[in-house]
Amino acid sequence: MNDEHYIRMANHDDLARVKRVDDLAFAEHQGITRRELEQLLEHGAIFMLFSRDNTLIGESQVLLATIPEIPHELAADEAYYYGTGIHPTHQGNGYGGLLADKQDEFAVSQGKKVAKLTLRVENYASMKLRFDKGFLIVEYQSDFYGPVEEDGARVLMTKQLLEEPIIHWDNITEVPVNFSNAKGAVDLTAHAQVQRLLSDGHKGFSITRAGILFGRESTGR
């Protein structure tokens, strides 16, 4: 880190602080439970980002093995980035990127080759961060946390940790999305288009303020 910020691993005594920041960051969306935090300490790691005056700015979590709390099976060489939460007063300053890099560093140190995570279709800021860090949208999960109409659907994103392949894209399509963090703000039209494109062999690879870009991996030179 630098003189302004530092990151350390959380321990059991930190969980209440971590949960407070996570609750503020995710507001009315799917936040983290105390049980999930305890499972993460047992089967992965939680990182805490502090300012120089020891103010907790944000936190992120890495899961190294499958747990009952998430409906997704992890292979032995996969890590799951459970979440990253930045305190609302510190959002928009690049802190998510610092924690994202720490997640990658930790996953690689534990022998993982692939990172996975899930996001709301409407979460522009987090999706842009993950695209910038080399993730791709590869799957639509319509009922990850519940029905799509109740904000339960998520897209699955993956990243190769040990190498970043250079991919060229064909058949590029931009799906317009009403990006919003408001409770119940689900863009059902965008969800339907995303699901259709992914089932048709496309992958999401970039984002603009207007929507998400999907394409097919080029087989040409």
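Predicted model: local features only at pLDDT ≥ 70, side-chain atom pairs only at ≥ 80, totals over all residues.

Me: How many helices and strands are in the protein chain?
Reply: The protein chain has five helices and 10 strands.

Me: What box do the C-alpha atoms fill?
Reply: Roughly 50 × 40 × 35 Å, along the principal axes.

Me: And what is the radius of gyration of the protein chain?
Reply: It is 17 Å. A compact globule of 221 residues would have a value near 17 Å, so the two agree.

Me: What share of the residues is buried?
Reply: Buried residues make up 48% of the 221.

Me: Switching to contacts. Of those between residues at least 6 apart in sequence, what share joins residues at least 24 apart?
Reply: That share is 65% in the protein chain.

Me: Charges next. How many are positive and how many negative?
Reply: There are 23 positive and 33 negative charges. Their mean positions lie 2 Å apart.

Me: Now helix α2. Which of its residues are buried?
Reply: Helix α2 spans residues 34-43, and its buried residues are E36, L37, Q39 and L40.

Me: Where do they sit around the axis?
Reply: On the same side of α2, because they cover an arc of only 160 degrees.

Me: What covers them?
Reply: The cover includes helix α1 (15-26). Strands β2 (44-51), β3 (56-63) and β4 (78-86) are also among the elements covering the buried residues of α2.

Definitions and conventions:
Residues numbered from 1 in each chain as written. Heavy atoms only, no water. Buried < 20%, exposed > 50% of the residue type's maximum accessible area, 1.4 Å probe, protein only. Helix = DSSP H or I, 4+ residues; strand = E, 2+ residues; numbered from the N terminus. Arc of directions from axis to C-beta. Contact = heavy atoms within 4.5 Å. Rg over C-alpha atoms; globule rule 2.2 N^0.38 Å. Lys, Arg positive; Asp, Glu negative; His and termini not counted. Charge placed at Lys NZ, Arg CZ, Asp CG, Glu CD.
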